[in-house]
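Good morning, colleagues. Please turn to the sequence and the structure as they come up on the screen.

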Amino acid sequence: MIIQHIHGALPQGRGQRCAQCDALFILPALNQHQDAFCPRCRARVAVGNEWNINRLAVMAAAMLLLMPFAYADPLISVRLLGTSISANLLHGIWQMALQGDPITASMVAFCTIGAPCTMVISLLYLYFGQRLGMNLRPVLLMLDRLKEWIMLDIYLIGMGVAAIKVKDYAAVTTGLALPAFIALTLLSVMTLTHLNISQLWEKFYPQPERLAFRTNTARLRVCLGCNFTGTADVRGRCPRCHVPLRHRRRHSVQKSWSALIAAMVLLIPANLLPISIIYINGNRNESTILAGIGSLAADNIPVAAIVFIASILVPFIKVIVLLTLLITLHFKVRHGLKTRIRLLRFVTWIGRWSMLDLFVISITMSLVDRDQLLAFTMGPAAFFFGAAVILTILAVEWLDSRLIWDAHATNADYTD
């Protein structure tokens with residue numbers, strides 16, 4: 001076939017390296033409803049139709065208006081020993097701190113209050129900051145790392161689990177703030193789904209459309225902070241976000257090993273020690289994670305299955321997968337590439353759900369509190385469990401997936 005003439009300009013693109021496998025390719029301009037995937041590892045590298053900063057700011061303003069009601073007003077209520085008790089998110093965290101475990105309380109507070117509020121303030125800062133000419137780089141970098149720590153949806157499920165556990169002792173009714181909290185959760189999920197940090201970087205700090213491939217392509221690096229592809233400046237930084245631009249994450253394997261080993265050690269007391277303590281007429285009844293799931297299964301098997309998956313299955317799956325990945329990296333295994341990449345993406349997605357048990361404890365502590373007649377408090381395992389969950393999330397975050405590809409040829413296919 002002979003091309004005699006071309007109508008219109010050829011589609012323009014820019015050079016881009018994949019942040020997950022380090023493949024170098026041409027990324028064309030995308031139209032609406034078009035996504036771009038890495039030709040090597042099938043990772044989604046760009047999305048053509050995401051919300052702009054104006055729509056994100058509207059969502060942030062709506063969440064800001066809902067937060068005082070969702071956090072401070074009653075979510076659920078019980079009638080216990082002739083007294084009506086209401087529980088809200090702030091009261092549950094305060095109860096955890098009062099009973100001598102402020103670190104565990106801060107874990108719950110960060111995932112349910114700190115991270116969502118920071119996201120809302122950051123989006124409003126971006127909206128007004130672009131008009132005032134302010135530096136937006138630190139906020140964009142923070143938003144990219146903040147997304148997985150916003151766990152309002154998990155807290156909402158934890159509230160339902162707590163209501164099922166408490167109904168054995170008292171009648172449970174919904175509070176006035178529950179619709180506001182559900183709306184806040186839905187808005188946060190929608191915002192996180194449509195929040196494309198790479199698109200915001202391109203809007204505020206555009207990357208050149210064309211990348212000079214005449215230069216040595218081995219010198220081209222992808223920035224894990226802003227997804228910029230290019231060469232470092234004279235100070236060794238990314239020209240766009242000013243973070244160090246390196247070939248691979250520094251000490252990635254060592255940091256992942258450290259976090260994983262610490263999490264494995266903490267999971268031992270987390271599963272052997274009591275995670276909850278109930279006082280009934282002065283009698284102390286302790287319950288481990290597994291024992292609590294067993295008692296919950298007697299009343300509601302589906303809910304018990306959810307808690308079992310989140311509290312037992314997910315942490316151990318993450319440990320086994322991370323162990324497998326790190327060992328194969330150490331021995332430079334060349335087989336099962338597709339399987340290992342999929343496992344890494346899977347544990348990245350499920351990691352946050354392990355916080356469900358701490359959220360159940362938080363809401364239950366604010367509902368069941370009648371001194372020695374009937375009281376609920378958390379056991380020593382709560383701290384170990386929460387710390388292990390956070391460490392496994394960090395271990396996955398610190399592991400540079402490009403190291404998995406380094407054991408293969410540069411033209412390795414995404415196959416087993």
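Predicted model: local features only at pLDDT ≥ 70, side-chain atom pairs only at ≥ 80, totals over all residues.

The protein has 14 helices and 13 strands. Of its 416 residues, 49% are buried. If we take the contacts between residues at least 6 apart in sequence, 72% of them join residues at least 24 apart. The accessible surface amounts to about 20,200 Å², and carbon and sulfur atoms account for 63% of that area.

Let us move to the interior. In soluble globular proteins, nonpolar side chains tend to be buried together. Here, the largest nonpolar core contains 129 residues. Which of its members touch the most other members? They are L126 and L200. For L126, setting aside neighbours within four places in sequence, the contacts are I53, L136, V139, L140, L143, L200 and F204.

Next, the second largest pocket. Its volume is about 430 Å³, and 27 residues line it. Lying nearest its centre are K165, S276, I278, G292 and S295. The elements that give two or more residues to this lining are helix 5, at 152-166, strand 10, at 276-280, strand 11, at 283-287, helix 9, at 289-297, and helix 12, at 356-367. Which of these gives the most to the lining? Helix 9 does, with 5 residues. Sorted by class, the lining of the second largest pocket has 15 nonpolar, 7 polar and 5 charged residues.

The model also holds 1 cavity of 30 Å³ or more. The largest cavity has a volume of about 40 Å³. Its lining consists of L267, P315, K318, S354, A388, V389 and T392. Two or more of these residues come from helix 10, at 301-330, and likewise from helix 13, at 381-398. Helix 13 gives the most, with 3 residues. By class, the cavity lining has 4 nonpolar, 2 polar and 1 charged residues.

We start with D101, which sits in the loop between helix 2, at 89-98, and helix 3, at 102-132. Is D101 buried or exposed? Its relative accessibility is 15%, and so D101 counts as buried, the limit being under 20%. Beyond its neighbours within four places in sequence, D101 is in contact with M96, M378 and F383.

R14 belongs to strand 1, residues 13-17. Why does R14 count as buried? Because its relative accessibility is 12%, and buried means under 20%. R14 and L27 are 13 residues apart along the chain, and their C-alpha atoms are separated by 5.3 Å.

Finally, R250 is found in the loop between strand 9, at 229-230, and helix 8, at 252-272. With a relative accessible area of 49%, R250 is partly exposed, because the exposed class requires over 50%. Between R250 and D400 there are 150 residues of separation in sequence, while the C-alpha to C-alpha distance is 9.2 Å.

Thank you for your attention.

How values were computed: Residues numbered from 1 in each chain as written. Heavy atoms only, no water. Core = buried A, V, L, I, M, F, W, Y, C linked by side-chain atoms within 4.5 Å. Buried < 20%, exposed > 50% of the residue type's maximum accessible area, 1.4 Å probe, protein only. Contact = heavy atoms within 4.5 Å. 1 Å grid on protein atoms, 1.4 Å probe; cavity = no way out; pocket = protein on both sides within 12 Å on 5 of 7 lines; lining within 4 Å. Points joined across faces, edges and corners; volume = space filled by probe spheres on them. Helix = DSSP H or I, 4+ residues; strand = E, 2+ residues; numbered from the N terminus. Nonpolar A, V, L, I, M, F, W, Y, C, P; charged D, E, K, R; others polar. Areas by Shrake-Rupley, 256 points an atom, 1.4 Å probe, with all protein chains shown as cover.
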